[in-house]
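Here are a few exercises to work through with the model open. Try each task before you read its solution.

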Amino acid sequence: MPIQCPPGPWPCFSWRRSYATVLKETTTRLAIWCCCSSLVQGTTENQIIDSLQDEEILLTLEGDELEVVLVKIGGSSLTHKAQLETVDSDALQWFSNTIKETIHEGFKAPPLDNQCEDSVCVDSDMANADKNSAFNSDGSRRKRRAFIIVHGAGSFGHHTAKEYALKGQFQPPPTGAAERNNIIGQTGRRWTMQGLAKTRLSVQTLNRLVVSSLVKAGVNAVAISPCFGIPRMQAHGGATEGLVRVVRDTLQAGLVPVLHGDACLYGTMQAGILSGDILMEQLGQCHWVGRAIFLTDVDGVFTRDPRVDPHATLLKHIQVDKDTLDIISPVVTVTGSSHEHDVTGGLKTKLASAATIAASGTNVTIVKCGTIGAERVLLAEHDDTVNATTVYSGP
Ligand SMILES: Nc1ncnc2c1ncn2[C@@H]1O[C@H](COP(=O)(O)OP(=O)(O)OP(=O)(O)O)[C@@H](O)[C@H]1O
Ligand SMILES: C=C(C)CCOP(=O)(O)O
């Protein structure tokens, strides 16, 4: 059968970019092969097909194609940021219930009326052909929602990090002579590592609360602790391949990965803080991630910090340049977090991560946790009437 190329031109800058962009616009493998092969000179058909096989395009579960949604619940919403190690139980409950209501059944515990004996289970709803069909009534393939969850640290981490002078890191660590110049004495090193150990323990305590709440709600969630869990993950990130692989394997098994900002090594003898916003940036650029959402404690991005300037107005759309990552429009002043213990840069870091994700072709929304608007954003049912900020790349 002749292969029909979808009409171009496609916005391709490199093999990777073209691959990712086209994937988000079509789910037809042959069309992808066709577009890419006509644009990437010197790449043979076999190389392209090998590459497609290496990086499986579609994620499916129980026969359904998955729409993978990457969501970060910020520490400002999940905790009372000013009070050491205090969770906001209402926010956590809202989050777990909302995820349960919006996720594909395949990520949930089986219904109570299913019968399982010696690991062999009979699905009580198996008889319902429509419910279990991989296709919609119009013949199109069913797409069901999967979530990758990242959470911030809030008062489980930022307080301790500040006490031990651990900072958010956004660039790779210095190496060679530059690193040797930074080497601190044994006492300094021990103190820093004590800070790392305590900060990590604190945020892992929150992670356990989040995972417990999701599991209690009936969601099959598992903790993935990035530093020391993902080989070579450091305070600035930098282990994207391993991270992506673990997250993907988890989803494919029908489990919801729950990651968190973390305290990590930075170089060989230093420590620093890996913000959940950096994890969002690393995962949000994957070609199989459909959307990214930041749930925070304000309605979205304002012209200025709304906690400082009551006249600040909400920006519903922010356009970023896909090459420079600069904000094209409108004018926005972002400062760090208004919470005094924050060590990872507040909204400034979030917006930089959002710009990078948007430039890779994934739409990003920033919205207030616990609101109807947030529920609509999670369901992809929002429009301009919802108070939220969408970050997208252009022109
Ligand atoms: N232009 C702006 N628009 C909106 N919020 C802003 C702006 N400038 C600064 N902020 C501040 O950013 C804060 C949100 O960032 P913050 O890092 O605290 O969120 P978070 O992701 O929920 O927390 P965490 O980093 O602990 O996970 C808001 O409470 C607000 O005060
Ligand atoms: C302070 C720690 C341990 C992680 C910070 O992650 P963030 O709250 O997502 O910026």
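**Exercise 1.** Find which residues of α11 meet which residues of α12.

*Solution.* Start on the α11 side: Asp277, Ile278, Met280, Glu281 and Gly284 make the contact (heavy atoms within 4.5 Å). Across from them in α12 sit Gly346, Thr349, Lys350, Ala352, Ser353, Thr356 and Ile357. Next, sort this contact by class: four nonpolar, five polar and three charged residues. Here Ala, Val, Leu, Ile, Met, Phe, Trp, Tyr, Cys and Pro count as nonpolar, Asp, Glu, Lys and Arg as charged, and the others, Gly among them, as polar.

A word on ground rules: this is a predicted model, where local features need pLDDT of at least 70, side-chain atom pairs count only at pLDDT 80 or more, and totals for chains, interfaces and linings use all residues. Residues are numbered from 1 along each chain as its sequence is written, chains are lettered from A and ligands numbered from 1 in the order in which they are written, and side-chain values use heavy atoms, leaving out hydrogens and water.

**Exercise 2.** Work out how α11 is oriented against α12 and against α10.

*Solution.* Two packed helices are described by the angle between their axes and the distance between the axes. Take α11 (residues 276–284) and α12 (residues 346–359): the angle is about 5 degrees and the axes are 9 Å apart. Axes are lines fitted to C-alpha atoms, for helices over the stretch in contact, with angles from 0 to 180 degrees between N-to-C directions. So α11 is roughly parallel to α12 (under 35 degrees).

Now do α10 (residues 240–252): its angle to α11 is about 80 degrees, with the axes 10 Å apart. That makes α10 roughly perpendicular to α11 (65 to 115 degrees). Thr240, Leu243, Val244 and Val247 of α10 meet Leu279, Gln282 and Leu283 of α11. By class, you get five nonpolar, two polar and no charged residues.

Methods. Helix = DSSP H or I, 4+ residues; strand = E, 2+ residues; numbered from the N terminus. Parallel < 35°, antiparallel > 145°, perpendicular 65-115°, else oblique.
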